Amino acid sequence: MSSNSPSSPLRVLVVIASSRPGRLAPAVAEWFVETTRRETERERMVVDVVDLGALALPFLDELEHPSTGVYAHEHTRAWSRRVADADAFVVVTPEYNYGMPAVLKNALDYLYEEWAWKPVAFVSYGNTSAGTRSVQMTKQVVTTLRMMPIGATVALRIGDSIEDGRVSERPMLGRAARQVVVELARVARALRPLHLAPATDGTTPGPVDGLSLSRVGEGDDVSELLVLQRSCWVEEAHANDTLDLAPLHETLADVQAWAKTWTVWAVRRHGRLVGAVRARAVGSTWEIGRLMVAPDQAGNGIGSWLLAVAEQHAPEEATTVALFTGKRSRRNIALYERAGFHLTAAPTTPDDAVLLTKSVAATTLA
Ligand SMILES: Cc1cc2nc3c(=O)[nH]c(=O)nc-3n(C[C@H](O)[C@H](O)[C@H](O)COP(=O)(O)O)c2cc1C
């Protein structure tokens, strides 16, 4: 997940969207990055360039739909982290047969939530139409992923703008490229609250509308929390093929007891309790647990958001954030890995569970 501080630099991912030997794309991307260096510095943007040719993702080979975030392959997880880290994208694309290159469509299809609520600009090139038909086709795809195409654009006609495999220095092209950066920065800043973890002061609205976050206090009636917990752990019972899960059996008195010794956050959507998480310090470890999101609200970012809330409250002395989940809870494990946690061997872990950890330094950077 990209940084949640409004003042932290914007991270821009420049995507080189062709893969054939002898292609023009890397030269066009290099021109764009060089031509806009002063503007990206002024806008406090950190530019990362990914070459889809070098990345060499296989044709989509994941079993689960990308919207689940359950990724079996390391190449998908690495791509997910790279895209999740970005606040904005610049796609450098040619036109192939009036459309987008297959390598670009494939790279987009791999992921889902990682793209959402982030602006995208296009630097296109081609023969007669300067790649604009490729851009039109790509816009149809990226808006489905909830990316936001900006208006400023660069379109290069190869015959007019490229000599000896390099983009010619023309004032008009340079101006267009710089305008892309200025507009991208503006839109990226405006959209940031939509895709970032919430600020701890509760001013950030979260990933969907109508959310309100509160701390569960000692005197609170936690019966709603008990009902939510039971409904959330039904899926865990299915995934792990067992009913022997404490959250399914706990009584109201049990939940009241742990709510006194853990810090518990509850999130409501338009008044209805839809999620919760708890955390406590054990030595230098900030233990997070019972991350729950109402089943009908799953997949819209509330879980990642709540996890970030819990992480942000780690005390200064904490060096590690830790959490357990079911060994076969693939959806949870995927969510935690996307948030930078790593599966960690621990001798005391029960047979049916796994431990995931993250250093607090990584939490601060994430
Ligand atoms: C498979 C293929 C299809 C192409 N189709 C178009 C097209 O529809 N319109 C166009 O303007 N140029 C088309 N071109 C020309 C490309 O725009 C030009 O070759 C460009 O350099 C391709 O980008 P690349 O060098 O990064 O692969 C096509 C090129 C290829 C290889």
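I started with the centres of domain 1 and domain 2, which lie 35 Å apart, taken over C-alpha atoms. The bounds I used are 10-195 for domain 1 and 211-365 for domain 2, from an automatic or database domain assignment.

Ground rules: this is a predicted model, with pLDDT of at least 70 needed for local features and 80 or more for side-chain atom pairs, while totals for chains, interfaces and linings use all residues. Residues count from 1 along each chain as its sequence is written, and side-chain values use heavy atoms, leaving out hydrogens and water.

Next I looked up the interface. I found 10 residues of domain 1 in contact (heavy atoms within 4.5 Å) with nine residues of domain 2. The buried area (accessible area, 1.4 Å probe, that two parts lose on being put together, summed over both) is about 800 Å², and carbon and sulfur atoms give 44% of it. On the domain 1 side, Thr68, Val70 and Glu113 supply 44% of the area buried against domain 2, more than any other three residues.

I then checked for salt bridges (side-chain nitrogen of Lys or Arg within 4 Å of a carboxyl oxygen of Asp or Glu) and got two between the domains. Arg330 forms a salt bridge with Glu64, with the closest N and O atoms 2.6 Å apart.

Last, I turned to Tyr336. Leaving aside neighbours within four places in sequence, I see Tyr336 in contact with Leu291, Leu307, Leu323, Thr325, Phe341 and Leu356.
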